[in-house]
Amino acid sequence: MLNLAKNHDPRKNTELLAQFTGKQLDIRAALEETKQLFLECSLKEIPFPSGKDCKHSLPFSQRIGLVLFWPFSRPVEKTVPVQIKVDDHGNVYPDWMQKLDDEYRQLIENVTKEVNLTDFGAVGDGKTDCTAAFQKAIGKGKVKLIIPEGTFITKGIRLPSYTWLVGAGKGATTIKLHNKAKKGTRLLTNANHWQGNHHIMVQGLSLDWNVERLGSIPKTSTWGNHSSCLTYANVIYGWVKDVEAINPGLHGFDISSTLYNYAGDGRRARGGSKYVWIDNVNSCGFGDDGITTHHSDYILISNSHMCDPSGRAHRKGCSNSNGIEIDDGSQNVVLVNNSTARCFGGVEIKAHQNSSAAANVQIIGHLSVNGNRSYNFRHIGHHKMEDPESKTAFNILATNLVSIEPVSTDLYKNSTPRSLVVSGYKNVVLNHFTAIGNPNYDYYGGPVAAIQYRARNVILSNFSFKNFTTAGTGIKVFGGKNRADSVRIRHVEICNSTMEAVSIGQGIRDLTVENVK
């Protein structure tokens with residue numbers, strides 16, 4: 001039906017969303033409706049009993065990790081989702097965008113010189129080592145570095161504060177890792193992960209991690225936030241625009257803290273990034289995720305496309321490689337009009353068992369094609385009744401999502417295809433959701449959307465399911481001892497499908513269903 005290859009222009013996502021939903025949404029009105037639904041569900045009392053204590057449920061190795069990471073962590077401060085604004089042209093942005101615009105002017109004012117990389121001896125022939133030329137050209141920062149067309153080889157680039165890298169465009173300017181670069185090399189990152197950096201812009205180029213240099217080794221990454229094309233770690237005020245990330249060992253783009261932190265649920269890393277905008281970027285062949293965030297705040301990801309991960313950062317057949325992953329400890333992340341194709345998860349909002357969950361995440365417009373789990377929200381290790389109650393898995397708002405033909409995948413062989421899975425999260429609103437199946441694909445009688453594993457205060461509104469002839473249910477709310485609860489389903493439409501619209505498990509105490517066609 002739709003391919004969305006690696007050269008897909010994500011700036012066309014808005015019109016594609018309208019094409020596949022068959023709707024020209026009044027986005028301002030739809031977002032206001034989502035906001036009101038969220039206020040409705042977030043005010044409800046959470047009735048579910050808590051699980052056991054977290055510390056005693058962790059394996060011994062993870063309990064040791066709590067001690068080791070504790071000095072580099074801080075308590076989670078619960079906040080509310082940021083406000084979303086829509087301008088007269090229909091552009092959607094978070095309310096903190098004005099602050100980032102002001103800091104962009106600071107970047108321009110503090111960049112005191114403009115230089116060309118070739119003036120420092122660089123040759124874009126795809127052979128010459130240009131590492132020293134980059135170092136000389138960038139110096140201590142306050143520089144706008146022009147990188148002309150060509151392929152420039154480097155063993156890694158570190159950007160100080162007030163640095164602006166500008167290429168001639170994706171595919172025209174390529175920065176490529178040297179054949180002798182170590183596996184843990186970050187191709188492009190900020191200069192000081194511990195003290196932090198600020199006001200960094202990367203624009204108009206391709207980043208080739210050169211995974212071919214590693215041969216056929218089974219794992220292409222090392223640890224933490226290494227092995228990626230672009231890593232911002234402890235960066236305040238950052239921009240990434242019109243950039244392509246090619247075959248990274250781990251992530252295409254990682255907006256991160258100094259260290260990934262596993263000090264336990266309820267703790268976040270110190271040194272997280274803040275106020276970063278990623279716009280019109282592409283990535284393919286990534287070993288783990290195309291774009292990921294960790295322990296960072298106020299991140300906007302817009303008009304971007306991720307596809308076709310290699311999954312080689314994981315054991316074969318168990319690769320949780322997502323197009324966009326909002327991971328451990330992230331807060332106030334906004335996604336606008338992005339797309340993903342043939343990933344394990346199109347968008348995954350999650351956390352590991354021994355870390356805090358991502359919270360206050362908002363998705364406005366997303367197109368997922370042939371993902372195994374188009375939209376997957378979960379806090380690992382906090383799902384079953386015998387697990388500890390998640391302290392941090394709260395607040396997801398999504399408007400205008402499309403899932404096209406979810407499928408099984410060799411990335412994660414035992415995972416059944418779903419358009420939507422919500423596990424363990426509380427205060428979740430999805431409004432205007434379109435799932436389109438393949439009538440010739442075998443979904444083995446499973447549900448298209450699953451609300452499960454102690455998810456609570458969930459509202460699903462304006463859901464449309466089309467062309468699912470072998471699925472069993474459009475929306476299944478799972479019961480039993482690990483049941484979901486406090487779920488409201490309204491305005492559901494089933495077209496060209498031979499499945500039940502809504503299925504309710506046993507023991508659910510608070511559920512309403514209305515207006516199902």
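**A tour of the aromatic rings**

Begin by selecting Trp164, which at 9% relative accessibility counts as buried, because the limit for that word is under 20%. Keep in mind throughout that the structure on your screen is a predicted model.

How far apart are the ring centres of Tyr104 and Trp164, and at what angle are their planes? The centres are 6.0 Å apart and the planes stand at 65°, so this pair is edge-to-face. If you colour the chain by its elements, you will find Tyr104 in helix H5 (residues 97–110) and Trp164 in strand S9 (residues 163–166), so that the pair links parts of the chain that are 60 residues apart. While Trp164 is still in view, show Lys144 as well, which lies over the face of Trp164 at 4.3 Å from the ring centre.

Now move to Tyr275 and Tyr298, whose ring centres are 4.9 Å apart and whose planes are at 10°, so the pair is stacked. Here too distant parts of the chain are linked, since Tyr275 belongs to strand S17 (residues 274–279) and Tyr298 to strand S20 (residues 297–302), 23 residues apart. Tyr275, at 14% relative accessibility, counts as buried, whereas Tyr298, at 23%, counts as partly exposed.

For the last stop, select Phe394 together with Lys426, where the charged end of Lys426 sits over the ring of Phe394, 4.9 Å from its centre.

Conventions: Residues numbered from 1 in each chain as written. Predicted model: local features only at pLDDT ≥ 70, side-chain atom pairs only at ≥ 80, totals over all residues. Heavy atoms only, no water. Phe/Tyr/Trp six-rings, centres within 6.5 Å; stacked < 30°, edge-to-face > 60°. Helix = DSSP H or I, 4+ residues; strand = E, 2+ residues; numbered from the N terminus. Buried < 20%, exposed > 50% of the residue type's maximum accessible area, 1.4 Å probe, protein only. Lys NZ or Arg CZ within 6 Å of the ring centre and 35° of its normal.
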